[in-house]
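Colleague: I have a model open and a few things to ask about it. Can we go through it together?

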Amino acid sequence: MEESKTLKKKPKESEKIQPKRPFIVSRWRQFWYAPVTSFLGNVLMYFLFLCLFAYVLLVDFKPPPPNGPSSLEFVLYFWVFTLVCEEIRQTSYEGNLFFLQRMKKYIQDNWNKCDLTAILLFLLAVMCRMFPWSFKLGRAVMSIDYMVFTLRLIHIFAIHKQLGPKIIILGKMVKDLFFFLFFLGVWLAAYGVAHQALLFTYDPRPNWIFRRVFYRPYLHIFGQIPINEMDADKLLQPVCTDNRTEIEAGAEPCLSIYANWLVVILLVIYLLFTNIVLVNLLIAMFSYTFSKVQEHSDIYWKFQRYNIIVEYHSRPCLAPPFIIFSHLHVLIKRHICKIPSIKSQHFALEVTGITASHLNAWEAVQKEDFLSAQNKQQKESDTARLQRTSVKVDSVLKQMTEIRNHDQRLRLLETQVSNTYIYFYVLHKFPSFHKS
(Lines give C-alpha, C1' and ligand atoms only; values in the text may rest on other atoms or scores of the structure.)
Protein backbone atom coordinates (compact mmCIF):
# COMPACT_ATOMS: atom_id res chain seq x y z
CA MET A 1 0.00 0.00 0.00
CA GLU A 2 2.79 2.40 0.82
CA GLU A 3 4.50 1.66 -2.51
CA SER A 4 1.29 2.37 -4.41
CA LYS A 5 0.88 5.65 -2.51
CA THR A 6 4.42 6.66 -3.36
CA LEU A 7 3.81 5.75 -7.01
CA LYS A 8 0.70 7.91 -7.02
CA LYS A 9 2.54 10.81 -5.44
CA LYS A 10 5.52 10.69 -7.80
CA PRO A 11 3.76 11.82 -10.97
CA LYS A 12 2.11 14.67 -9.09
CA GLU A 13 5.45 15.76 -7.76
CA SER A 14 7.03 15.45 -11.20
CA GLU A 15 4.39 17.59 -12.83
CA LYS A 16 5.58 21.07 -13.59
CA ILE A 17 3.26 23.85 -12.61
CA GLN A 18 3.03 26.20 -15.55
CA PRO A 19 3.32 29.87 -14.64
CA LYS A 20 0.06 31.76 -14.97
CA ARG A 21 0.11 34.39 -17.70
CA PRO A 22 -0.85 37.98 -16.93
CA PHE A 23 -4.44 38.97 -17.50
CA ILE A 24 -3.71 41.22 -20.49
CA VAL A 25 -1.56 38.56 -22.17
CA SER A 26 -4.17 35.83 -21.68
CA ARG A 27 -6.92 38.08 -23.01
CA TRP A 28 -4.80 39.04 -26.00
CA ARG A 29 -4.11 35.38 -26.78
CA GLN A 30 -7.82 34.58 -26.54
CA PHE A 31 -8.61 37.43 -28.93
CA TRP A 32 -5.77 36.69 -31.35
CA TYR A 33 -6.43 32.94 -31.59
CA ALA A 34 -10.23 33.24 -31.72
CA PRO A 35 -11.86 31.92 -34.94
CA VAL A 36 -13.75 35.20 -35.42
CA THR A 37 -10.48 37.15 -35.53
CA SER A 38 -9.05 34.83 -38.15
CA PHE A 39 -12.31 34.99 -40.10
CA LEU A 40 -12.47 38.80 -40.18
CA GLY A 41 -8.79 39.06 -41.08
CA ASN A 42 -9.15 36.62 -43.96
CA VAL A 43 -12.26 38.41 -45.26
CA LEU A 44 -10.53 41.80 -45.21
CA MET A 45 -7.38 40.54 -46.91
CA TYR A 46 -9.43 38.63 -49.49
CA PHE A 47 -11.16 41.87 -50.50
CA LEU A 48 -7.73 43.47 -50.92
CA PHE A 49 -6.61 40.47 -52.97
CA LEU A 50 -9.58 40.85 -55.33
CA CYS A 51 -8.89 44.58 -55.69
CA LEU A 52 -5.23 43.88 -56.54
CA PHE A 53 -6.26 41.15 -58.99
CA ALA A 54 -8.73 43.47 -60.73
CA TYR A 55 -6.17 46.30 -60.94
CA VAL A 56 -3.52 44.03 -62.45
CA LEU A 57 -6.00 42.55 -64.92
CA LEU A 58 -7.46 45.88 -66.06
CA VAL A 59 -4.59 48.36 -65.77
CA ASP A 60 -1.22 46.75 -65.10
CA PHE A 61 -1.24 43.61 -67.25
CA LYS A 62 1.97 44.13 -69.21
CA PRO A 63 3.27 42.17 -72.25
CA PRO A 64 5.33 38.96 -71.95
CA PRO A 65 8.98 39.04 -70.80
CA PRO A 66 11.25 40.94 -71.02
CA ASN A 67 8.72 43.83 -70.92
CA GLY A 68 6.61 42.25 -68.18
CA PRO A 69 5.23 41.19 -65.76
CA SER A 70 4.97 44.25 -63.54
CA SER A 71 5.94 44.46 -59.88
CA LEU A 72 2.30 44.40 -58.74
CA GLU A 73 1.74 41.28 -60.81
CA PHE A 74 4.63 39.61 -58.98
CA VAL A 75 2.97 40.60 -55.71
CA LEU A 76 -0.19 38.92 -57.01
CA TYR A 77 1.81 35.79 -57.85
CA PHE A 78 3.25 35.69 -54.32
CA TRP A 79 -0.23 36.18 -52.83
CA VAL A 80 -1.59 33.21 -54.78
CA PHE A 81 1.47 31.20 -53.70
CA THR A 82 0.51 31.78 -50.05
CA LEU A 83 -3.01 30.61 -50.87
CA VAL A 84 -1.53 27.43 -52.35
CA CYS A 85 0.52 26.91 -49.19
CA GLU A 86 -2.63 27.26 -47.08
CA GLU A 87 -4.46 24.67 -49.19
CA ILE A 88 -1.51 22.29 -48.76
CA ARG A 89 -1.62 22.87 -44.99
CA GLN A 90 -5.34 22.08 -44.95
CA THR A 91 -4.72 18.70 -46.59
CA SER A 92 -2.04 17.87 -44.00
CA TYR A 93 -4.24 18.94 -41.07
CA GLU A 94 -6.55 15.92 -41.34
CA GLY A 95 -4.70 13.92 -38.68
CA ASN A 96 -3.22 10.46 -39.15
CA LEU A 97 -5.05 9.62 -42.36
CA PHE A 98 -3.26 8.41 -45.47
CA PHE A 99 -2.53 10.82 -48.30
CA LEU A 100 -5.32 9.53 -50.56
CA GLN A 101 -7.82 9.65 -47.69
CA ARG A 102 -6.82 13.21 -46.86
CA MET A 103 -7.18 14.26 -50.48
CA LYS A 104 -10.58 12.57 -50.72
CA LYS A 105 -11.77 14.34 -47.58
CA TYR A 106 -10.38 17.63 -48.87
CA ILE A 107 -12.13 17.35 -52.25
CA GLN A 108 -15.47 16.46 -50.64
CA ASP A 109 -15.88 20.11 -49.67
CA ASN A 110 -17.36 22.15 -52.53
CA TRP A 111 -15.45 25.28 -51.53
CA ASN A 112 -12.17 23.36 -51.67
CA LYS A 113 -13.11 22.33 -55.21
CA CYS A 114 -13.63 26.00 -56.02
CA ASP A 115 -10.21 26.88 -54.53
CA LEU A 116 -8.52 24.09 -56.47
CA THR A 117 -10.16 25.19 -59.72
CA ALA A 118 -9.14 28.82 -59.17
CA ILE A 119 -5.52 27.90 -58.42
CA LEU A 120 -5.20 25.58 -61.42
CA LEU A 121 -6.67 28.23 -63.73
CA PHE A 122 -4.26 30.81 -62.32
CA LEU A 123 -1.26 28.53 -62.94
CA LEU A 124 -2.45 27.91 -66.51
CA ALA A 125 -2.92 31.65 -67.08
CA VAL A 126 0.56 32.47 -65.75
CA MET A 127 2.19 29.85 -67.99
CA CYS A 128 0.32 31.10 -71.05
CA ARG A 129 1.00 34.80 -70.51
CA MET A 130 4.76 34.24 -70.39
CA PHE A 131 4.91 33.48 -74.14
CA PRO A 132 3.98 35.87 -76.98
CA TRP A 133 2.02 33.25 -78.95
CA SER A 134 -0.25 32.44 -75.96
CA PHE A 135 -0.35 35.85 -74.25
CA LYS A 136 -3.98 36.60 -75.19
CA LEU A 137 -5.05 33.13 -74.12
CA GLY A 138 -3.41 33.68 -70.74
CA ARG A 139 -5.24 36.99 -70.31
CA ALA A 140 -8.56 35.31 -71.17
CA VAL A 141 -7.94 32.45 -68.72
CA MET A 142 -6.97 34.93 -66.01
CA SER A 143 -10.21 36.85 -66.59
CA ILE A 144 -12.22 33.66 -66.05
CA ASP A 145 -10.07 32.87 -63.03
CA TYR A 146 -10.98 36.23 -61.49
CA MET A 147 -14.64 35.25 -61.74
CA VAL A 148 -13.91 32.01 -59.85
CA PHE A 149 -11.99 33.84 -57.12
CA THR A 150 -14.83 36.36 -56.78
CA LEU A 151 -17.51 33.66 -56.57
CA ARG A 152 -15.46 32.15 -53.75
CA LEU A 153 -16.46 35.24 -51.77
CA ILE A 154 -19.97 33.79 -51.33
CA HIS A 155 -18.50 31.53 -48.66
CA ILE A 156 -18.29 34.38 -46.15
CA PHE A 157 -22.09 34.82 -46.16
CA ALA A 158 -22.54 31.38 -44.62
CA ILE A 159 -21.95 32.94 -41.19
CA HIS A 160 -25.13 35.04 -41.54
CA LYS A 161 -28.30 33.48 -40.18
CA GLN A 162 -30.48 34.70 -43.07
CA LEU A 163 -28.01 34.50 -45.97
CA GLY A 164 -26.35 31.22 -44.94
CA PRO A 165 -29.30 28.94 -45.85
CA LYS A 166 -29.70 30.87 -49.11
CA ILE A 167 -26.30 29.54 -50.21
CA ILE A 168 -27.56 25.98 -49.76
CA ILE A 169 -30.73 26.90 -51.64
CA LEU A 170 -28.59 28.31 -54.45
CA GLY A 171 -26.53 25.12 -54.69
CA LYS A 172 -29.63 22.93 -54.82
CA MET A 173 -31.19 25.20 -57.44
CA VAL A 174 -28.11 24.73 -59.63
CA LYS A 175 -28.73 20.97 -59.48
CA ASP A 176 -32.35 21.55 -60.49
CA LEU A 177 -31.12 23.73 -63.34
CA PHE A 178 -29.12 20.85 -64.80
CA PHE A 179 -32.28 18.74 -65.09
CA PHE A 180 -34.01 21.69 -66.75
CA LEU A 181 -31.13 22.12 -69.21
CA PHE A 182 -31.38 18.44 -70.13
CA PHE A 183 -35.03 18.83 -71.19
CA LEU A 184 -34.24 22.13 -72.88
CA GLY A 185 -31.32 20.61 -74.80
CA VAL A 186 -33.47 17.76 -76.12
CA TRP A 187 -36.18 20.15 -77.29
CA LEU A 188 -33.57 22.59 -78.65
CA ALA A 189 -31.89 19.91 -80.77
CA ALA A 190 -35.22 18.61 -82.08
CA TYR A 191 -36.42 22.04 -83.15
CA GLY A 192 -33.02 23.25 -84.37
CA VAL A 193 -32.41 20.36 -86.74
CA ALA A 194 -35.93 20.58 -88.18
CA HIS A 195 -35.59 24.36 -88.51
CA GLN A 196 -32.28 24.09 -90.36
CA ALA A 197 -33.52 21.30 -92.66
CA LEU A 198 -36.68 23.21 -93.65
CA LEU A 199 -35.00 26.57 -94.30
CA PHE A 200 -31.80 25.44 -96.05
CA THR A 201 -31.65 22.55 -98.46
CA TYR A 202 -27.86 22.37 -98.43
CA ASP A 203 -25.32 24.12 -96.19
CA PRO A 204 -22.26 22.03 -95.19
CA ARG A 205 -20.47 24.78 -93.20
CA PRO A 206 -20.00 23.41 -89.64
CA ASN A 207 -19.93 26.80 -87.89
CA TRP A 208 -23.19 27.91 -89.51
CA ILE A 209 -24.84 24.55 -88.79
CA PHE A 210 -23.98 24.97 -85.09
CA ARG A 211 -25.27 28.54 -85.06
CA ARG A 212 -28.57 27.69 -86.74
CA VAL A 213 -29.19 24.42 -84.89
CA PHE A 214 -28.34 25.49 -81.32
CA TYR A 215 -27.47 29.17 -81.06
CA ARG A 216 -30.41 30.71 -82.94
CA PRO A 217 -33.11 28.50 -81.36
CA TYR A 218 -31.68 29.43 -77.96
CA LEU A 219 -32.02 33.12 -78.81
CA HIS A 220 -35.60 32.50 -79.95
CA ILE A 221 -36.49 31.83 -76.30
CA PHE A 222 -35.59 35.44 -75.45
CA GLY A 223 -37.49 36.94 -78.39
CA GLN A 224 -34.71 37.36 -80.95
CA ILE A 225 -36.57 35.90 -83.94
CA PRO A 226 -35.39 36.65 -87.52
CA ILE A 227 -38.76 37.28 -89.19
CA ASN A 228 -37.12 37.99 -92.55
CA GLU A 229 -36.00 34.34 -92.74
CA MET A 230 -39.30 32.73 -91.70
CA ASP A 231 -42.16 34.83 -93.00
CA ALA A 232 -42.49 34.54 -96.77
CA ASP A 233 -44.08 38.02 -97.04
CA LYS A 234 -41.06 39.65 -95.38
CA LEU A 235 -38.45 37.44 -96.97
CA LEU A 236 -35.27 39.27 -97.99
CA GLN A 237 -33.20 37.31 -100.47
CA PRO A 238 -29.59 38.51 -100.46
CA VAL A 239 -27.03 37.45 -103.00
CA CYS A 240 -27.30 33.67 -102.75
CA THR A 241 -27.00 30.53 -104.81
CA ASP A 242 -28.27 26.95 -104.92
CA ASN A 243 -25.15 25.60 -106.60
CA ARG A 244 -23.50 23.13 -104.24
CA THR A 245 -20.02 23.80 -105.59
CA GLU A 246 -20.35 27.53 -104.89
CA ILE A 247 -21.85 26.86 -101.46
CA GLU A 248 -18.93 24.58 -100.57
CA ALA A 249 -16.61 27.36 -101.77
CA GLY A 250 -18.19 29.76 -99.24
CA ALA A 251 -21.20 31.32 -100.99
CA GLU A 252 -24.44 32.00 -99.08
CA PRO A 253 -27.15 29.37 -99.74
CA CYS A 254 -30.66 30.49 -100.64
CA LEU A 255 -33.59 30.06 -98.31
CA SER A 256 -36.21 27.44 -99.10
CA ILE A 257 -39.81 28.74 -99.01
CA TYR A 258 -41.45 25.41 -99.82
CA ALA A 259 -42.44 24.58 -96.22
CA ASN A 260 -42.38 28.10 -94.82
CA TRP A 261 -45.75 27.63 -93.15
CA LEU A 262 -44.43 24.56 -91.30
CA VAL A 263 -41.48 26.56 -89.96
CA VAL A 264 -43.87 29.11 -88.43
CA ILE A 265 -45.98 26.35 -86.82
CA LEU A 266 -42.88 24.68 -85.37
CA LEU A 267 -41.73 28.05 -84.03
CA VAL A 268 -45.06 28.61 -82.26
CA ILE A 269 -45.01 25.12 -80.70
CA TYR A 270 -41.36 25.53 -79.67
CA LEU A 271 -41.97 28.89 -77.97
CA LEU A 272 -45.10 27.62 -76.21
CA PHE A 273 -43.26 24.60 -74.84
CA THR A 274 -40.07 26.39 -73.78
CA ASN A 275 -41.43 29.72 -72.52
CA ILE A 276 -44.50 28.33 -70.75
CA VAL A 277 -44.08 24.64 -69.92
CA LEU A 278 -40.35 24.37 -69.24
CA VAL A 279 -39.97 27.76 -67.55
CA ASN A 280 -42.93 27.08 -65.24
CA LEU A 281 -41.48 23.65 -64.50
CA LEU A 282 -38.22 25.32 -63.51
CA ILE A 283 -40.06 27.84 -61.30
CA ALA A 284 -41.97 25.01 -59.61
CA MET A 285 -38.72 23.11 -58.96
CA PHE A 286 -37.11 26.24 -57.52
CA SER A 287 -40.08 26.99 -55.25
CA TYR A 288 -40.14 23.40 -53.97
CA THR A 289 -36.40 23.51 -53.23
CA PHE A 290 -36.72 26.88 -51.50
CA SER A 291 -39.60 25.77 -49.28
CA LYS A 292 -37.90 22.48 -48.44
CA VAL A 293 -34.67 24.16 -47.29
CA GLN A 294 -36.34 27.19 -45.72
CA GLU A 295 -38.36 24.87 -43.48
CA HIS A 296 -35.15 23.71 -41.79
CA SER A 297 -33.10 26.87 -42.34
CA ASP A 298 -32.08 27.16 -38.69
CA ILE A 299 -30.60 23.65 -38.67
CA TYR A 300 -28.70 24.28 -41.94
CA TRP A 301 -27.34 27.55 -40.58
CA LYS A 302 -26.12 25.93 -37.36
CA PHE A 303 -24.23 23.26 -39.32
CA GLN A 304 -22.71 25.93 -41.56
CA ARG A 305 -21.66 28.02 -38.60
CA TYR A 306 -20.08 25.03 -36.88
CA ASN A 307 -18.11 24.10 -40.02
CA ILE A 308 -16.84 27.68 -40.39
CA ILE A 309 -15.79 27.81 -36.72
CA VAL A 310 -13.91 24.51 -37.09
CA GLU A 311 -12.27 25.69 -40.32
CA TYR A 312 -11.04 29.04 -38.99
CA HIS A 313 -10.11 27.56 -35.63
CA SER A 314 -7.60 25.34 -37.41
CA ARG A 315 -6.26 28.16 -39.59
CA PRO A 316 -3.27 30.31 -38.64
CA CYS A 317 -4.00 33.72 -37.17
CA LEU A 318 -2.41 35.69 -40.00
CA ALA A 319 -4.21 36.04 -43.32
CA PRO A 320 -2.62 35.75 -46.78
CA PRO A 321 -0.08 36.92 -47.82
CA PHE A 322 1.31 37.28 -44.27
CA ILE A 323 0.22 33.73 -43.56
CA ILE A 324 3.55 32.57 -44.95
CA PHE A 325 5.16 33.50 -41.58
CA SER A 326 2.61 31.33 -39.77
CA HIS A 327 3.36 28.49 -42.16
CA LEU A 328 7.10 28.77 -41.48
CA HIS A 329 6.41 28.85 -37.74
CA VAL A 330 4.19 25.76 -37.95
CA LEU A 331 6.76 23.95 -40.12
CA ILE A 332 9.55 24.57 -37.61
CA LYS A 333 7.35 23.79 -34.61
CA ARG A 334 5.81 20.55 -35.95
CA HIS A 335 8.51 18.96 -38.10
CA ILE A 336 11.74 20.26 -36.58
CA CYS A 337 10.93 20.76 -32.89
CA LYS A 338 8.32 17.92 -32.95
CA ILE A 339 5.83 19.89 -30.83
CA PRO A 340 2.30 18.50 -31.28
CA SER A 341 -0.61 20.73 -32.15
CA ILE A 342 -2.91 21.85 -29.33
CA LYS A 343 -5.69 23.08 -31.63
CA SER A 344 -6.38 19.60 -32.94
CA GLN A 345 -7.32 18.55 -29.39
CA HIS A 346 -9.81 21.35 -28.80
CA PHE A 347 -12.63 19.64 -30.72
CA ALA A 348 -12.69 16.34 -28.81
CA LEU A 349 -14.37 13.31 -30.34
CA GLU A 350 -14.79 11.58 -26.94
CA VAL A 351 -15.55 13.27 -23.64
CA THR A 352 -15.48 11.75 -20.16
CA GLY A 353 -16.10 12.75 -16.57
CA ILE A 354 -17.73 16.07 -15.74
CA THR A 355 -17.62 17.20 -19.37
CA ALA A 356 -19.62 14.14 -20.44
CA SER A 357 -22.24 14.78 -17.73
CA HIS A 358 -22.53 18.43 -18.77
CA LEU A 359 -22.88 17.36 -22.39
CA ASN A 360 -25.57 14.81 -21.53
CA ALA A 361 -27.48 17.40 -19.52
CA TRP A 362 -27.25 19.90 -22.36
CA GLU A 363 -28.43 17.28 -24.86
CA ALA A 364 -31.38 16.40 -22.60
CA VAL A 365 -32.42 20.05 -22.35
CA GLN A 366 -32.09 20.53 -26.09
CA LYS A 367 -34.11 17.35 -26.70
CA GLU A 368 -36.92 18.59 -24.48
CA ASP A 369 -36.90 21.97 -26.21
CA PHE A 370 -37.00 20.31 -29.60
CA LEU A 371 -39.83 17.97 -28.65
CA SER A 372 -41.87 20.80 -27.15
CA ALA A 373 -41.35 22.94 -30.24
CA GLN A 374 -42.29 19.99 -32.45
CA ASN A 375 -45.44 19.33 -30.42
CA LYS A 376 -46.35 23.00 -30.59
CA GLN A 377 -45.85 22.99 -34.33
CA GLN A 378 -47.99 19.89 -34.71
CA LYS A 379 -50.74 21.47 -32.61
CA GLU A 380 -50.69 24.56 -34.79
CA SER A 381 -50.84 22.63 -38.04
CA ASP A 382 -54.03 22.29 -40.07
CA THR A 383 -54.29 18.54 -39.63
CA ALA A 384 -53.99 18.88 -35.87
CA ARG A 385 -56.68 21.55 -35.88
CA LEU A 386 -58.95 19.30 -37.89
CA GLN A 387 -58.31 16.42 -35.51
CA ARG A 388 -59.07 18.58 -32.49
CA THR A 389 -62.22 19.87 -34.17
CA SER A 390 -63.36 16.33 -34.99
CA VAL A 391 -62.74 15.25 -31.39
CA LYS A 392 -64.79 18.19 -30.12
CA VAL A 393 -67.60 17.44 -32.57
CA ASP A 394 -67.63 13.79 -31.46
CA SER A 395 -67.82 14.81 -27.82
CA VAL A 396 -70.67 17.22 -28.58
CA LEU A 397 -72.54 14.49 -30.45
CA LYS A 398 -72.09 12.11 -27.53
CA GLN A 399 -73.42 14.74 -25.13
CA MET A 400 -76.38 15.39 -27.41
CA THR A 401 -77.24 11.68 -27.54
CA GLU A 402 -76.99 11.51 -23.76
CA ILE A 403 -79.29 14.54 -23.47
CA ARG A 404 -81.75 12.87 -25.83
CA ASN A 405 -81.71 9.71 -23.71
CA HIS A 406 -82.29 11.74 -20.54
CA ASP A 407 -85.12 13.59 -22.26
CA GLN A 408 -86.77 10.34 -23.30
CA ARG A 409 -86.44 8.97 -19.75
CA LEU A 410 -87.96 12.15 -18.29
CA ARG A 411 -90.88 11.96 -20.70
CA LEU A 412 -91.43 8.33 -19.78
CA LEU A 413 -91.37 9.22 -16.10
CA GLU A 414 -93.80 12.04 -16.70
CA THR A 415 -96.25 9.72 -18.44
CA GLN A 416 -95.93 7.16 -15.62
CA VAL A 417 -96.48 9.84 -12.97
CA SER A 418 -99.51 11.19 -14.81
CA ASN A 419 -100.97 7.69 -15.12
CA THR A 420 -100.38 7.04 -11.44
CA TYR A 421 -102.03 10.32 -10.53
CA ILE A 422 -105.08 9.49 -12.62
CA TYR A 423 -105.27 6.05 -11.00
CA PHE A 424 -105.21 7.44 -7.48
CA TYR A 425 -107.69 10.11 -8.39
CA VAL A 426 -110.14 7.51 -9.65
CA LEU A 427 -109.68 5.46 -6.51
CA HIS A 428 -110.37 8.47 -4.36
CA LYS A 429 -113.54 9.46 -6.19
CA PHE A 430 -114.93 6.00 -6.76
CA PRO A 431 -113.94 3.74 -3.88
CA SER A 432 -116.64 1.25 -4.80
CA PHE A 433 -114.83 0.69 -8.06
CA HIS A 434 -111.79 -0.51 -6.16
CA LYS A 435 -113.93 -2.84 -3.95
CA SER A 436 -115.51 -4.41 -6.94
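Colleague: Which helices each supply at least two residues of the lining of the second largest pocket?

Modeller: Helix 13 and helix 15 (354-380) do. Helices here are DSSP runs of H or I with at least four residues, numbered from the N terminus. A pocket is an open set of points on a 1 Å grid over the protein atoms alone, with protein on both sides within 12 Å along at least five of seven lines, and lining residues have an atom within 4 Å of a point.

Colleague: Before we go on, what kind of model is this?

Modeller: It is a predicted model, where local features need pLDDT of at least 70, side-chain atom pairs count only at pLDDT 80 or more, and totals for chains, interfaces and linings use all residues. Residues are numbered from 1 along each chain as its sequence is written, and side-chain values use heavy atoms, with hydrogens and water left out.

Colleague: Back to the pocket. Which helix gives the most to the lining of the second largest pocket?

Modeller: Helix 15, with six residues. Among the residues that line this pocket are Asp298, Lys302, Trp362 and Phe370. By type, the lining divides into five nonpolar, four polar and three charged residues. Ala, Val, Leu, Ile, Met, Phe, Trp, Tyr, Cys and Pro count as nonpolar, Asp, Glu, Lys and Arg as charged, and the others, Gly among them, as polar.

Colleague: What volume does the second largest pocket have?

Modeller: About 540 Å³. A volume is the space filled by probe spheres set on the grid points, which are joined across faces, edges and corners.

Colleague: Which residue meets Lys302 in a salt bridge?

Modeller: Asp298, at 3.1 Å from N to O. A salt bridge is a side-chain nitrogen of Lys or Arg within 4 Å of a carboxyl oxygen of Asp or Glu. Both residues lie in helix 13, four residues apart, about one turn of the helix.

Colleague: What about Lys161 and Asp298, how far apart are the closest N and O atoms there?

Modeller: They are 3.9 Å apart, and this pair is a salt bridge too. Lys161 lies in the loop between helix 7 (135-151) and helix 8 (164-199), while Asp298 is in helix 13 (residues 297-314), so the pair ties together parts that are 137 residues apart in sequence.

Colleague: And Asp203 with Arg212, buried or exposed?

Modeller: Asp203 is buried at 7% relative accessibility, and Arg212 is buried at 2%. Buried means under 20% relative accessible area, exposed over 50%, and partly exposed in between, with a 1.4 Å probe and protein chains only. The closest N and O atoms of their salt bridge are 2.4 Å apart.

Colleague: How many salt bridges does the count come to?

Modeller: 10. There is also a network of salt bridges that links Glu86, Arg89, Glu311 and Arg315.

Colleague: New topic. How many disulfides does a search of the whole structure find?

Modeller: Zero, taking a disulfide as a pair of cysteine sulfur atoms within 2.5 Å. Cys85 is buried at 18% relative accessible area, and Cys114 is buried at 16%.

Colleague: How many cavities of 30 Å³ or more are there?

Modeller: One. A cavity is a set of grid points where a 1.4 Å probe fits but cannot get out. The largest cavity has a volume of about 310 Å³. Of the 18 residues that line it, the closest to its centre are Tyr46, Leu83, Asp115, Arg152 and Arg315.

Colleague: Which helices each supply at least two residues of that lining?

Modeller: Helix 3 (35-58), helix 4 (71-92) and helix 6 (110-129). The lining of the largest cavity divides into 11 nonpolar, two polar and five charged residues.
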